[in-house]
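Visitor: I have some questions about this pair of chains. Could you take me through them?

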Amino acid sequence: MAVSIGEVENISKLAKLKFNEEELKKLQTDLNNILEYIDQLNEVNLDDVEPLENINELVNILRKDEVMQWLTQKEALQNAPDKTGNYFRVPKVIDK
Amino acid sequence: MKEILQKYEPVIGLEIHAQMKTKTKAFCRCSTEFNAPSNSNVCPVCLGHPGVLPVLNEELVNFILKMGLATNCKIKERSIFARKNYFYPDLSKGYQITQFETPICYGGYLDIELKDDTKRKIGITRIHMEEDAGKSIHDFSDDESLIDFNRCGVPLIEIVSEPDIRTIEEATTYLNKVKQLLVYLEINDGNMEEGSLRCDANISIRKKGEEKFGTRTEIKNLNSFRNVADALEAEFNRQYEVIESGDKVYYTTMTYDATLKKTSPLRSKEEAHDYRYFPEPDLVYVEVNENKLESIKNELPELPEEKKLRFKKDYLLPDYDINILVQDKELSNFYEQVTSNLATKNEKTFKTSSNIILSEVLRVLNDEKIDLKNLKLKPVNISELIGFVSRNEINNNTAKDVFNEMFTTGKNASEIIKEKNLIQVSDDNLIIEIINKIILENKSEADRYKSGESKLKGVLVGKIMKESKGKANPQKVNELLDKLIEN
(Lines give C-alpha, C1' and ligand atoms only; values in the text may rest on other atoms or scores of the structure.)
Protein backbone atom coordinates (compact mmCIF):
# COMPACT_ATOMS: atom_id res chain seq x y z
CA MET A 1 0.00 0.00 0.00
CA ALA A 2 1.73 3.07 -1.27
CA VAL A 3 1.21 6.57 0.05
CA SER A 4 0.33 9.12 -2.62
CA ILE A 5 1.64 12.69 -2.76
CA GLY A 6 -1.93 13.83 -2.02
CA GLU A 7 -1.92 11.85 1.19
CA VAL A 8 1.41 13.31 2.24
CA GLU A 9 0.00 16.77 1.59
CA ASN A 10 -3.07 15.98 3.66
CA ILE A 11 -1.01 14.65 6.57
CA SER A 12 1.20 17.73 6.55
CA LYS A 13 -1.85 19.95 6.48
CA LEU A 14 -3.32 18.15 9.50
CA ALA A 15 0.03 18.53 11.28
CA LYS A 16 0.12 22.21 10.29
CA LEU A 17 3.46 21.74 8.51
CA LYS A 18 4.44 23.19 5.13
CA PHE A 19 6.81 21.50 2.67
CA ASN A 20 8.04 22.27 -0.82
CA GLU A 21 7.65 19.79 -3.65
CA GLU A 22 11.08 18.26 -3.16
CA GLU A 23 10.49 17.73 0.54
CA LEU A 24 7.07 16.20 -0.11
CA LYS A 25 8.64 13.69 -2.48
CA LYS A 26 11.31 12.77 0.05
CA LEU A 27 8.65 12.33 2.75
CA GLN A 28 6.63 10.17 0.40
CA THR A 29 9.63 7.88 -0.14
CA ASP A 30 10.38 7.78 3.61
CA LEU A 31 6.80 7.03 4.56
CA ASN A 32 6.55 4.30 1.96
CA ASN A 33 9.76 2.72 3.17
CA ILE A 34 8.46 2.70 6.72
CA LEU A 35 5.12 1.23 5.68
CA GLU A 36 6.83 -1.40 3.57
CA TYR A 37 8.97 -2.40 6.53
CA ILE A 38 5.91 -2.65 8.77
CA ASP A 39 4.03 -4.58 6.11
CA GLN A 40 6.32 -7.52 6.87
CA LEU A 41 4.19 -7.99 9.98
CA ASN A 42 1.30 -8.96 7.75
CA GLU A 43 3.12 -12.20 7.03
CA VAL A 44 2.61 -13.30 10.63
CA ASN A 45 -0.66 -15.02 11.49
CA LEU A 46 -2.28 -13.01 14.30
CA ASP A 47 -5.75 -14.53 14.21
CA ASP A 48 -5.78 -15.50 17.88
CA VAL A 49 -3.84 -12.55 19.22
CA GLU A 50 -5.59 -9.71 21.02
CA PRO A 51 -4.41 -6.31 19.81
CA LEU A 52 -1.90 -4.75 22.17
CA GLU A 53 -3.33 -1.36 22.94
CA ASN A 54 -0.67 -0.27 25.36
CA ILE A 55 2.96 -1.29 25.49
CA ASN A 56 2.66 -1.04 29.23
CA GLU A 57 0.76 -3.91 30.83
CA LEU A 58 0.15 -1.85 33.99
CA VAL A 59 -3.44 -1.32 35.13
CA ASN A 60 -5.29 1.23 37.25
CA ILE A 61 -2.65 3.78 38.08
CA LEU A 62 -5.00 6.23 39.72
CA ARG A 63 -4.72 9.16 42.08
CA LYS A 64 -6.96 10.53 44.81
CA ASP A 65 -9.21 13.47 43.99
CA GLU A 66 -7.19 15.99 46.03
CA VAL A 67 -6.37 19.50 44.87
CA MET A 68 -2.79 20.65 44.64
CA GLN A 69 -1.78 24.00 43.25
CA TRP A 70 1.27 23.49 41.11
CA LEU A 71 1.75 26.87 39.49
CA THR A 72 0.77 30.39 40.39
CA GLN A 73 -1.11 32.36 37.77
CA LYS A 74 2.04 34.40 37.16
CA GLU A 75 4.19 31.31 36.66
CA ALA A 76 1.59 29.76 34.36
CA LEU A 77 1.76 32.75 32.05
CA GLN A 78 5.47 33.51 32.22
CA ASN A 79 6.42 31.43 29.18
CA ALA A 80 3.51 32.57 27.05
CA PRO A 81 4.75 34.14 23.81
CA ASP A 82 1.91 36.64 24.00
CA LYS A 83 -0.45 37.55 26.78
CA THR A 84 -3.01 40.18 27.68
CA GLY A 85 -3.89 40.58 31.32
CA ASN A 86 -4.10 37.07 32.73
CA TYR A 87 -4.89 35.43 29.41
CA PHE A 88 -2.83 33.72 26.75
CA ARG A 89 -3.21 35.64 23.51
CA VAL A 90 -3.31 33.72 20.23
CA PRO A 91 -4.05 34.36 16.56
CA LYS A 92 -7.75 34.07 15.94
CA VAL A 93 -9.04 30.71 14.74
CA ILE A 94 -12.77 30.41 14.47
CA ASP A 95 -14.51 27.51 12.88
CA LYS A 96 -16.84 29.78 11.07
CA MET B 1 -44.59 20.88 11.10
CA LYS B 2 -47.76 18.88 11.76
CA GLU B 3 -48.49 18.20 8.09
CA ILE B 4 -44.90 17.16 7.45
CA LEU B 5 -45.09 14.72 10.35
CA GLN B 6 -47.84 12.86 8.51
CA LYS B 7 -45.31 12.05 5.80
CA TYR B 8 -41.89 12.06 7.48
CA GLU B 9 -40.52 11.10 10.85
CA PRO B 10 -37.31 12.31 12.47
CA VAL B 11 -34.70 9.86 13.75
CA ILE B 12 -32.81 11.47 16.60
CA GLY B 13 -29.85 10.56 18.80
CA LEU B 14 -28.35 12.76 21.51
CA GLU B 15 -24.77 13.13 22.68
CA ILE B 16 -24.75 14.65 26.14
CA HIS B 17 -21.57 16.02 27.69
CA ALA B 18 -21.67 16.31 31.46
CA GLN B 19 -18.97 17.99 33.49
CA MET B 20 -18.11 15.86 36.50
CA LYS B 21 -18.26 17.42 39.95
CA THR B 22 -14.83 16.13 40.95
CA LYS B 23 -12.60 18.44 42.97
CA THR B 24 -9.71 18.06 40.54
CA LYS B 25 -9.25 17.71 36.80
CA ALA B 26 -9.25 14.39 34.95
CA PHE B 27 -5.48 13.93 34.65
CA CYS B 28 -3.88 16.45 36.99
CA ARG B 29 -4.48 17.82 40.47
CA CYS B 30 -5.64 21.31 39.44
CA SER B 31 -8.90 22.50 40.96
CA THR B 32 -12.05 22.41 38.82
CA GLU B 33 -13.50 25.43 40.62
CA PHE B 34 -15.82 27.45 38.40
CA ASN B 35 -15.24 31.22 38.08
CA ALA B 36 -11.68 31.16 39.42
CA PRO B 37 -9.39 33.95 38.08
CA SER B 38 -8.30 33.10 34.53
CA ASN B 39 -5.36 30.71 34.21
CA SER B 40 -5.06 30.21 37.96
CA ASN B 41 -6.07 26.52 38.00
CA VAL B 42 -3.46 25.26 35.58
CA CYS B 43 -0.28 23.19 35.73
CA PRO B 44 2.28 21.77 33.28
CA VAL B 45 0.01 18.78 32.57
CA CYS B 46 -3.11 20.68 31.52
CA LEU B 47 -1.07 23.41 29.84
CA GLY B 48 0.43 20.70 27.64
CA HIS B 49 4.06 21.29 28.54
CA PRO B 50 6.47 18.72 27.14
CA GLY B 51 7.58 15.77 29.24
CA VAL B 52 4.66 15.65 31.65
CA LEU B 53 2.50 12.62 32.38
CA PRO B 54 -1.22 12.53 32.99
CA VAL B 55 -2.51 10.43 35.92
CA LEU B 56 -6.16 9.44 35.99
CA ASN B 57 -8.44 10.78 38.73
CA GLU B 58 -9.94 7.84 40.65
CA GLU B 59 -13.15 9.77 41.33
CA LEU B 60 -13.83 10.21 37.60
CA VAL B 61 -13.89 6.42 37.25
CA ASN B 62 -16.22 6.14 40.28
CA PHE B 63 -18.54 8.78 38.87
CA ILE B 64 -18.82 7.33 35.39
CA LEU B 65 -19.44 3.85 36.83
CA LYS B 66 -22.31 5.28 38.88
CA MET B 67 -23.86 6.74 35.75
CA GLY B 68 -23.25 3.50 33.86
CA LEU B 69 -25.05 1.47 36.51
CA ALA B 70 -27.90 3.99 36.76
CA THR B 71 -28.46 3.74 32.99
CA ASN B 72 -28.38 -0.07 32.84
CA CYS B 73 -25.06 -0.14 31.01
CA LYS B 74 -22.66 -3.02 30.74
CA ILE B 75 -19.25 -2.20 32.16
CA LYS B 76 -16.10 -2.89 30.19
CA GLU B 77 -13.68 -4.89 32.31
CA ARG B 78 -10.70 -3.31 30.62
CA SER B 79 -10.70 -0.04 28.74
CA ILE B 80 -8.13 2.41 27.46
CA PHE B 81 -7.87 6.06 26.53
CA ALA B 82 -7.21 7.43 23.06
CA ARG B 83 -5.85 10.64 21.62
CA LYS B 84 -8.14 12.66 19.40
CA ASN B 85 -5.87 14.93 17.42
CA TYR B 86 -6.79 18.41 16.26
CA PHE B 87 -5.39 21.89 16.51
CA TYR B 88 -7.41 24.52 18.25
CA PRO B 89 -5.95 27.18 20.55
CA ASP B 90 -8.04 26.22 23.59
CA LEU B 91 -6.75 22.63 23.39
CA SER B 92 -3.32 22.98 24.90
CA LYS B 93 -1.78 19.63 23.91
CA GLY B 94 -3.03 19.52 20.31
CA TYR B 95 -5.08 16.45 21.23
CA GLN B 96 -7.92 15.60 23.56
CA ILE B 97 -7.65 12.55 25.78
CA THR B 98 -10.87 10.58 25.33
CA GLN B 99 -12.06 7.01 24.97
CA PHE B 100 -12.63 5.80 21.45
CA GLU B 101 -12.90 2.08 20.74
CA THR B 102 -13.39 0.92 24.32
CA PRO B 103 -15.83 3.13 26.22
CA ILE B 104 -15.99 2.05 29.86
CA CYS B 105 -19.84 1.85 29.82
CA TYR B 106 -21.87 0.56 26.88
CA GLY B 107 -25.14 -1.05 25.84
CA GLY B 108 -27.50 0.57 28.36
CA TYR B 109 -30.94 2.13 28.19
CA LEU B 110 -33.35 4.48 29.92
CA ASP B 111 -37.12 4.20 30.08
CA ILE B 112 -38.89 7.49 29.56
CA GLU B 113 -42.50 8.37 30.13
CA LEU B 114 -44.26 10.85 27.85
CA LYS B 115 -47.07 13.28 28.64
CA ASP B 116 -49.74 10.90 27.34
CA ASP B 117 -48.34 8.18 29.68
CA THR B 118 -46.79 6.14 26.87
CA LYS B 119 -43.43 4.64 27.76
CA ARG B 120 -40.40 4.44 25.46
CA LYS B 121 -37.08 2.71 25.85
CA ILE B 122 -34.12 4.76 24.64
CA GLY B 123 -30.92 2.82 24.10
CA ILE B 124 -27.59 4.14 25.32
CA THR B 125 -24.78 3.20 22.99
CA ARG B 126 -21.94 4.22 25.25
CA ILE B 127 -20.72 6.47 28.04
CA HIS B 128 -17.07 7.40 28.01
CA MET B 129 -14.59 9.59 29.85
CA GLU B 130 -12.82 12.56 28.32
CA GLU B 131 -11.40 15.97 29.13
CA ASP B 132 -12.80 19.42 28.42
CA ALA B 133 -10.98 22.15 26.48
CA GLY B 134 -10.17 25.67 27.71
CA LYS B 135 -12.22 28.75 27.01
CA SER B 136 -11.63 31.21 24.18
CA ILE B 137 -12.68 34.81 24.24
CA HIS B 138 -13.17 35.85 20.64
CA ASP B 139 -14.57 39.35 20.96
CA PHE B 140 -11.26 40.72 22.24
CA SER B 141 -10.06 41.84 18.81
CA ASP B 142 -10.57 41.04 15.13
CA ASP B 143 -7.46 38.95 14.65
CA GLU B 144 -6.61 37.65 18.11
CA SER B 145 -8.33 35.58 20.80
CA LEU B 146 -7.68 35.23 24.52
CA ILE B 147 -7.45 31.84 26.17
CA ASP B 148 -8.21 30.73 29.71
CA PHE B 149 -7.05 27.18 30.39
CA ASN B 150 -8.85 26.74 33.75
CA ARG B 151 -11.44 24.46 32.15
CA CYS B 152 -8.85 22.58 30.09
CA GLY B 153 -8.65 19.04 31.50
CA VAL B 154 -11.86 19.22 33.53
CA PRO B 155 -13.43 15.75 33.39
CA LEU B 156 -16.46 15.12 31.21
CA ILE B 157 -18.51 12.08 30.53
CA GLU B 158 -20.19 11.77 27.16
CA ILE B 159 -23.48 9.89 27.09
CA VAL B 160 -24.35 8.76 23.58
CA SER B 161 -27.85 7.52 22.85
CA GLU B 162 -28.93 5.15 20.12
CA PRO B 163 -30.92 6.77 17.29
CA ASP B 164 -34.07 5.63 19.10
CA ILE B 165 -35.71 9.01 19.56
CA ARG B 166 -38.65 9.75 17.24
CA THR B 167 -40.16 13.02 18.46
CA ILE B 168 -38.97 16.27 19.96
CA GLU B 169 -40.88 15.53 23.14
CA GLU B 170 -38.99 12.24 23.43
CA ALA B 171 -35.70 14.10 22.95
CA THR B 172 -36.33 16.63 25.73
CA THR B 173 -37.85 14.00 28.03
CA TYR B 174 -34.80 11.78 27.58
CA LEU B 175 -32.44 14.72 28.13
CA ASN B 176 -34.34 15.63 31.27
CA LYS B 177 -34.11 12.08 32.55
CA VAL B 178 -30.35 12.02 31.99
CA LYS B 179 -30.00 15.35 33.77
CA GLN B 180 -32.16 14.13 36.66
CA LEU B 181 -29.98 11.03 37.11
CA LEU B 182 -26.76 13.06 36.98
CA VAL B 183 -28.08 15.37 39.68
CA TYR B 184 -29.42 12.52 41.84
CA LEU B 185 -26.04 10.80 41.61
CA GLU B 186 -24.39 14.09 42.64
CA ILE B 187 -21.88 13.86 39.82
CA ASN B 188 -23.02 16.89 37.79
CA ASP B 189 -24.89 20.08 38.69
CA GLY B 190 -27.34 19.85 35.76
CA ASN B 191 -26.75 23.45 34.77
CA MET B 192 -27.14 23.80 31.00
CA GLU B 193 -26.93 27.60 31.02
CA GLU B 194 -23.49 27.58 32.63
CA GLY B 195 -22.37 24.83 30.28
CA SER B 196 -21.81 22.05 32.79
CA LEU B 197 -24.32 20.04 30.76
CA ARG B 198 -24.19 20.34 26.96
CA CYS B 199 -25.97 18.55 24.19
CA ASP B 200 -25.24 17.72 20.55
CA ALA B 201 -28.16 16.35 18.54
CA ASN B 202 -27.98 14.00 15.55
CA ILE B 203 -31.01 14.02 13.31
CA SER B 204 -32.07 12.49 10.03
CA ILE B 205 -35.51 12.15 8.51
CA ARG B 206 -37.20 9.34 6.62
CA LYS B 207 -40.55 8.68 5.01
CA LYS B 208 -43.03 7.15 7.42
CA GLY B 209 -42.90 3.39 7.31
CA GLU B 210 -39.43 3.29 5.81
CA GLU B 211 -36.87 1.09 7.56
CA LYS B 212 -33.69 2.67 6.31
CA PHE B 213 -32.24 5.74 8.06
CA GLY B 214 -31.60 8.89 6.05
CA THR B 215 -28.30 10.79 6.15
CA ARG B 216 -27.93 12.57 9.48
CA THR B 217 -26.59 15.96 10.41
CA GLU B 218 -25.18 16.87 13.79
CA ILE B 219 -26.25 20.06 15.59
CA LYS B 220 -23.52 21.16 18.00
CA ASN B 221 -23.56 22.85 21.39
CA LEU B 222 -27.19 23.18 22.36
CA ASN B 223 -27.24 24.80 25.77
CA SER B 224 -30.86 24.69 26.90
CA PHE B 225 -33.90 22.45 26.66
CA ARG B 226 -35.59 25.16 24.58
CA ASN B 227 -32.68 25.21 22.12
CA VAL B 228 -32.63 21.43 21.80
CA ALA B 229 -36.33 21.42 20.92
CA ASP B 230 -36.18 24.44 18.60
CA ALA B 231 -32.99 23.35 16.82
CA LEU B 232 -34.39 19.87 16.16
CA GLU B 233 -37.56 21.38 14.74
CA ALA B 234 -35.62 23.81 12.54
CA GLU B 235 -33.31 21.08 11.25
CA PHE B 236 -36.23 18.70 10.66
CA ASN B 237 -37.90 21.35 8.53
CA ARG B 238 -34.68 22.15 6.68
CA GLN B 239 -34.04 18.49 5.80
CA TYR B 240 -37.66 18.14 4.71
CA GLU B 241 -37.29 21.03 2.29
CA VAL B 242 -34.00 19.68 0.95
CA ILE B 243 -35.56 16.28 0.26
CA GLU B 244 -38.83 17.63 -1.14
CA SER B 245 -36.89 19.81 -3.57
CA GLY B 246 -35.29 16.63 -4.90
CA ASP B 247 -31.90 17.28 -3.31
CA LYS B 248 -29.94 15.07 -0.91
CA VAL B 249 -29.00 15.67 2.72
CA TYR B 250 -25.23 15.48 3.29
CA TYR B 251 -23.53 14.71 6.57
CA THR B 252 -22.69 18.12 8.00
CA THR B 253 -21.97 19.63 11.39
CA MET B 254 -24.56 22.31 12.03
CA THR B 255 -24.85 25.20 14.43
CA TYR B 256 -28.13 26.60 15.69
CA ASP B 257 -28.91 30.31 15.85
CA ALA B 258 -31.53 30.82 18.55
CA THR B 259 -32.43 34.34 17.42
CA LEU B 260 -33.00 33.40 13.79
CA LYS B 261 -34.34 29.97 14.81
CA LYS B 262 -32.25 28.46 12.01
CA THR B 263 -29.58 25.82 11.65
CA SER B 264 -26.61 26.39 9.36
CA PRO B 265 -23.49 24.39 8.47
CA LEU B 266 -20.51 24.81 10.80
CA ARG B 267 -17.97 23.34 8.44
CA SER B 268 -18.27 21.83 5.03
CA LYS B 269 -17.68 18.24 4.05
CA GLU B 270 -14.26 18.89 2.51
CA GLU B 271 -13.03 20.30 5.79
CA ALA B 272 -14.42 17.38 7.77
CA HIS B 273 -12.14 16.62 10.68
CA ASP B 274 -9.72 13.75 10.55
CA TYR B 275 -8.95 13.08 14.19
CA ARG B 276 -6.41 10.28 13.69
CA TYR B 277 -7.33 8.52 16.93
CA PHE B 278 -4.71 6.26 18.46
CA PRO B 279 -4.25 4.66 21.90
CA GLU B 280 -2.98 7.17 24.48
CA PRO B 281 0.47 5.82 25.39
CA ASP B 282 0.76 7.94 28.56
CA LEU B 283 -2.11 6.26 30.38
CA VAL B 284 -2.50 2.65 31.45
CA TYR B 285 -5.44 0.27 31.23
CA VAL B 286 -8.47 0.97 33.39
CA GLU B 287 -9.75 -2.27 34.88
CA VAL B 288 -13.01 -2.69 36.73
CA ASN B 289 -13.49 -5.93 38.64
CA GLU B 290 -16.53 -7.38 40.42
CA ASN B 291 -15.46 -5.98 43.81
CA LYS B 292 -15.18 -2.50 42.45
CA LEU B 293 -18.60 -2.70 40.80
CA GLU B 294 -20.12 -4.08 43.97
CA SER B 295 -18.76 -1.21 46.05
CA ILE B 296 -20.03 1.36 43.53
CA LYS B 297 -23.45 -0.31 43.56
CA ASN B 298 -23.52 0.04 47.33
CA GLU B 299 -22.69 3.71 47.07
CA LEU B 300 -25.55 4.47 44.67
CA PRO B 301 -28.06 6.84 46.27
CA GLU B 302 -31.80 6.31 45.99
CA LEU B 303 -32.70 7.04 42.36
CA PRO B 304 -35.90 8.75 41.14
CA GLU B 305 -37.84 5.58 40.29
CA GLU B 306 -37.22 4.03 43.71
CA LYS B 307 -38.02 7.32 45.40
CA LYS B 308 -41.36 7.53 43.60
CA LEU B 309 -42.35 4.09 44.88
CA ARG B 310 -41.27 4.98 48.40
CA PHE B 311 -43.18 8.29 48.34
CA LYS B 312 -46.30 6.43 47.32
CA LYS B 313 -45.89 3.95 50.13
CA ASP B 314 -44.70 6.29 52.89
CA TYR B 315 -46.71 9.43 52.17
CA LEU B 316 -49.74 8.05 50.28
CA LEU B 317 -49.53 10.94 47.83
CA PRO B 318 -51.22 11.03 44.42
CA ASP B 319 -48.95 10.32 41.42
CA TYR B 320 -49.28 13.89 40.24
CA ASP B 321 -47.74 15.24 43.46
CA ILE B 322 -45.06 12.54 43.53
CA ASN B 323 -43.93 13.22 39.99
CA ILE B 324 -43.41 16.91 40.62
CA LEU B 325 -41.71 16.43 43.99
CA VAL B 326 -39.35 13.69 42.83
CA GLN B 327 -38.48 15.40 39.54
CA ASP B 328 -36.21 17.68 41.57
CA LYS B 329 -34.00 16.01 44.14
CA GLU B 330 -33.76 19.17 46.28
CA LEU B 331 -37.50 19.60 46.24
CA SER B 332 -38.14 16.03 47.33
CA ASN B 333 -35.57 16.43 50.12
CA PHE B 334 -37.29 19.62 51.19
CA TYR B 335 -40.62 17.80 51.28
CA GLU B 336 -39.16 15.07 53.48
CA GLN B 337 -37.68 17.63 55.84
CA VAL B 338 -41.07 19.30 56.16
CA THR B 339 -42.85 16.01 56.86
CA SER B 340 -40.19 14.75 59.26
CA ASN B 341 -40.80 17.82 61.44
CA LEU B 342 -44.58 17.43 61.52
CA ALA B 343 -46.09 16.98 64.98
CA THR B 344 -48.88 14.83 63.55
CA LYS B 345 -47.91 12.52 60.72
CA ASN B 346 -50.82 11.14 58.71
CA GLU B 347 -52.14 11.02 55.18
CA LYS B 348 -53.83 14.38 55.62
CA THR B 349 -50.79 16.27 56.89
CA PHE B 350 -48.58 14.61 54.25
CA LYS B 351 -50.96 15.88 51.58
CA THR B 352 -51.21 19.35 53.13
CA SER B 353 -47.40 19.52 53.12
CA SER B 354 -47.35 18.60 49.46
CA ASN B 355 -50.06 21.19 48.69
CA ILE B 356 -48.15 23.99 50.38
CA ILE B 357 -44.92 23.06 48.61
CA LEU B 358 -46.42 22.56 45.17
CA SER B 359 -48.59 25.66 45.25
CA GLU B 360 -46.91 28.16 47.57
CA VAL B 361 -43.22 27.26 47.72
CA LEU B 362 -42.90 26.67 43.97
CA ARG B 363 -44.80 29.87 43.30
CA VAL B 364 -42.48 32.08 45.34
CA LEU B 365 -39.40 30.35 43.92
CA ASN B 366 -40.72 31.07 40.46
CA ASP B 367 -41.81 34.65 41.20
CA GLU B 368 -38.55 35.54 42.91
CA LYS B 369 -36.41 33.50 40.49
CA ILE B 370 -34.54 31.85 43.33
CA ASP B 371 -33.41 28.31 44.10
CA LEU B 372 -34.66 26.25 46.98
CA LYS B 373 -31.30 26.60 48.70
CA ASN B 374 -31.67 30.39 48.69
CA LEU B 375 -35.10 30.26 50.27
CA LYS B 376 -34.96 31.80 53.74
CA LEU B 377 -37.95 29.82 54.96
CA LYS B 378 -36.77 26.55 56.38
CA PRO B 379 -38.67 23.25 56.23
CA VAL B 380 -39.27 23.39 59.97
CA ASN B 381 -41.07 26.74 59.57
CA ILE B 382 -43.42 25.17 57.06
CA SER B 383 -43.99 22.13 59.29
CA GLU B 384 -45.11 24.52 62.03
CA LEU B 385 -47.56 26.20 59.66
CA ILE B 386 -48.98 22.82 58.64
CA GLY B 387 -49.44 22.01 62.33
CA PHE B 388 -51.94 24.86 62.60
CA VAL B 389 -53.85 23.52 59.58
CA SER B 390 -53.90 19.95 60.88
CA ARG B 391 -55.23 21.09 64.27
CA ASN B 392 -57.99 22.97 62.41
CA GLU B 393 -56.76 26.18 63.91
CA ILE B 394 -56.48 27.86 60.53
CA ASN B 395 -58.02 26.88 57.23
CA ASN B 396 -56.20 26.34 53.92
CA ASN B 397 -56.85 29.84 52.64
CA THR B 398 -55.53 31.44 55.80
CA ALA B 399 -52.52 29.11 55.58
CA LYS B 400 -51.67 30.58 52.18
CA ASP B 401 -51.87 34.12 53.56
CA VAL B 402 -49.71 33.16 56.52
CA PHE B 403 -47.21 31.54 54.20
CA ASN B 404 -46.90 34.73 52.16
CA GLU B 405 -46.48 36.74 55.33
CA MET B 406 -43.79 34.31 56.51
CA PHE B 407 -42.01 34.62 53.21
CA THR B 408 -42.03 38.43 53.13
CA THR B 409 -41.37 39.13 56.80
CA GLY B 410 -39.36 36.08 57.84
CA LYS B 411 -41.58 35.68 60.90
CA ASN B 412 -42.77 32.33 62.26
CA ALA B 413 -46.26 31.04 61.57
CA SER B 414 -47.15 31.19 65.27
CA GLU B 415 -46.05 34.83 65.55
CA ILE B 416 -48.12 35.87 62.55
CA ILE B 417 -51.19 33.89 63.58
CA LYS B 418 -51.03 35.35 67.08
CA GLU B 419 -50.37 38.94 65.96
CA LYS B 420 -53.17 38.93 63.43
CA ASN B 421 -55.45 36.89 65.62
CA LEU B 422 -56.06 34.36 62.85
CA ILE B 423 -56.96 31.33 64.92
CA GLN B 424 -59.98 29.82 63.28
CA VAL B 425 -63.27 30.10 65.08
CA SER B 426 -64.60 26.60 65.59
CA ASP B 427 -66.81 27.49 68.49
CA ASP B 428 -70.39 26.69 67.40
CA ASN B 429 -71.98 29.55 69.30
CA LEU B 430 -69.76 32.17 67.75
CA ILE B 431 -70.34 30.83 64.26
CA ILE B 432 -74.11 30.55 64.81
CA GLU B 433 -74.14 34.16 65.89
CA ILE B 434 -72.48 35.24 62.63
CA ILE B 435 -74.70 32.99 60.50
CA ASN B 436 -77.83 34.39 62.08
CA LYS B 437 -76.64 37.92 61.45
CA ILE B 438 -75.98 37.16 57.75
CA ILE B 439 -79.33 35.39 57.28
CA LEU B 440 -81.05 38.39 58.75
CA GLU B 441 -79.20 40.82 56.52
CA ASN B 442 -79.78 38.71 53.41
CA LYS B 443 -83.28 37.53 53.94
CA SER B 444 -84.22 37.02 50.30
CA GLU B 445 -81.11 35.01 49.44
CA ALA B 446 -81.62 32.87 52.52
CA ASP B 447 -85.25 32.21 51.58
CA ARG B 448 -84.36 31.35 48.01
CA TYR B 449 -81.69 28.95 49.24
CA LYS B 450 -84.19 27.35 51.57
CA SER B 451 -86.62 26.86 48.73
CA GLY B 452 -84.03 24.95 46.75
CA GLU B 453 -81.72 27.39 44.90
CA SER B 454 -78.62 25.54 46.04
CA LYS B 455 -76.18 27.84 44.25
CA LEU B 456 -77.02 30.57 46.72
CA LYS B 457 -75.26 28.65 49.44
CA GLY B 458 -71.93 29.81 48.08
CA VAL B 459 -72.99 33.41 48.31
CA LEU B 460 -74.11 33.02 51.90
CA VAL B 461 -70.99 31.09 52.96
CA GLY B 462 -68.86 33.76 51.32
CA LYS B 463 -70.58 36.51 53.30
CA ILE B 464 -70.27 34.53 56.53
CA MET B 465 -66.55 33.90 55.95
CA LYS B 466 -66.07 37.57 55.20
CA GLU B 467 -67.92 38.62 58.33
CA SER B 468 -65.66 36.27 60.34
CA LYS B 469 -62.61 37.81 58.66
CA GLY B 470 -61.82 34.41 57.15
CA LYS B 471 -61.46 32.83 60.55
CA ALA B 472 -64.59 30.70 60.71
CA ASN B 473 -64.01 27.01 60.20
CA PRO B 474 -65.50 26.55 56.71
CA GLN B 475 -66.65 23.00 57.39
CA LYS B 476 -68.54 24.12 60.47
CA VAL B 477 -70.04 27.06 58.61
CA ASN B 478 -71.40 24.69 55.97
CA GLU B 479 -72.89 22.32 58.48
CA LEU B 480 -74.38 24.96 60.72
CA LEU B 481 -75.79 27.05 57.89
CA ASP B 482 -77.81 24.07 56.66
CA LYS B 483 -79.00 23.33 60.15
CA LEU B 484 -80.11 26.91 60.75
CA ILE B 485 -81.81 27.26 57.36
CA GLU B 486 -83.78 24.07 58.02
CA ASN B 487 -85.25 25.57 61.14
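Visitor: Is B:Asn39 buried or exposed?

Guide: Before the answer, a word on the ground rules: this is a predicted model, where local features need pLDDT of at least 70, side-chain atom pairs count only at pLDDT 80 or more, and totals for chains, interfaces and linings use all residues. Residues are numbered from 1 along each chain as its sequence is written, chains are lettered from A and ligands numbered from 1 in the order in which they are written, and side-chain values use heavy atoms, with hydrogens and water left out. Buried means under 20% relative accessible area, exposed over 50%, and partly exposed in between (1.4 Å probe, protein chains only). With a relative accessible area of 0%, B:Asn39 is buried.

Visitor: Where does B:Asn39 sit in chain B?

Guide: Helices (H or I, at least four residues) and strands (E, at least two) are DSSP runs, numbered from the N terminus. B:Asn39 is not a glycine, yet its phi is positive, about 55°. Its place is in the loop between strand S1 (8-19) and S2 of chain B.

Visitor: What is the relative accessible area of A:Asn60, and where is this residue?

Guide: Most residues other than glycine have a negative phi. A:Asn60 has a positive one, near 50°, and lies in the loop between helix H2 (21-39) and strand S1 (62-63) of chain A. This asparagine is partly exposed, and its relative accessible area is 32%.

Visitor: How many residues does each chain give to the contact?

Guide: Contact means heavy atoms within 4.5 Å. Buried area is the accessible area (1.4 Å probe) that two parts lose on being put together, summed over both, and for chain B and chain A this comes to about 4300 Å², with 55% from carbon and sulfur atoms. On the chain B side, B:Arg29, B:Val284 and B:Tyr285 lose the most area to chain A, together 17% of what that side buries. The contact takes 38 residues from chain A and 56 residues from chain B.

Visitor: Which residue of chain A forms a salt bridge with B:Arg78?

Guide: A salt bridge is a side-chain nitrogen of Lys or Arg within 4 Å of a carboxyl oxygen of Asp or Glu. Between chain B and chain A the count is 3 salt bridges. In the one formed by B:Arg78, the closest N and O atoms are 3.8 Å apart, and the partner is A:Glu57.

Visitor: Which element gives the most to the side of chain B that touches chain A?

Guide: The elements that give two or more residues to that side include helix H2 (58-70), strand S10 (144-148) and strand S15 (262-267) of chain B. With 5 residues, the top contributor is S10(B).

Visitor: What is the strand order of the open sheet with 4 strands?

Guide: Two strands pair if DSSP finds at least two bridges between them. Strand S3 (residues 87-91) of chain A pairs with S10(B) in the antiparallel sense over 4 bridges, and A:Pro91 has B:Glu144 as a bridge partner. S9(B) also runs antiparallel to S10(B), joined by 3 bridges. The order is S2(A)-S3(A)-S10(B)-S9(B).

Visitor: Why is one side of each edge strand left without a neighbour in that sheet?

Guide: Strands of a sheet pair through backbone hydrogen bonds, either parallel or antiparallel. Each edge strand has a single partner strand, so one side stays without a neighbour; these edges are strand S2 (83-84) of chain A and strand S9 (135-137) of chain B.

Visitor: Which residue takes a positive phi in the hairpin of S14(B) and S15(B)?

Guide: Strand S14 (residues 253-257) of chain B pairs antiparallel with S15(B) over 5 bridges. B:Asp257 stands opposite B:Lys262. The hairpin has 4 residues between the strands, and the one with a positive phi, near 55°, is B:Lys261.

Visitor: Which side chain is joined to that of B:Glu235 by a polar contact?

Guide: B:Glu235 lies in helix H4 (residues 225-244) of chain B and is buried, at 0% relative accessibility. A polar contact is a pair of N or O atoms within 3.5 Å; within protein, one must be able to donate a hydrogen and the other to accept it, and residues adjacent in sequence count only if both atoms are side-chain atoms. Here the distance is 2.7 Å, and the partner is B:Thr217.
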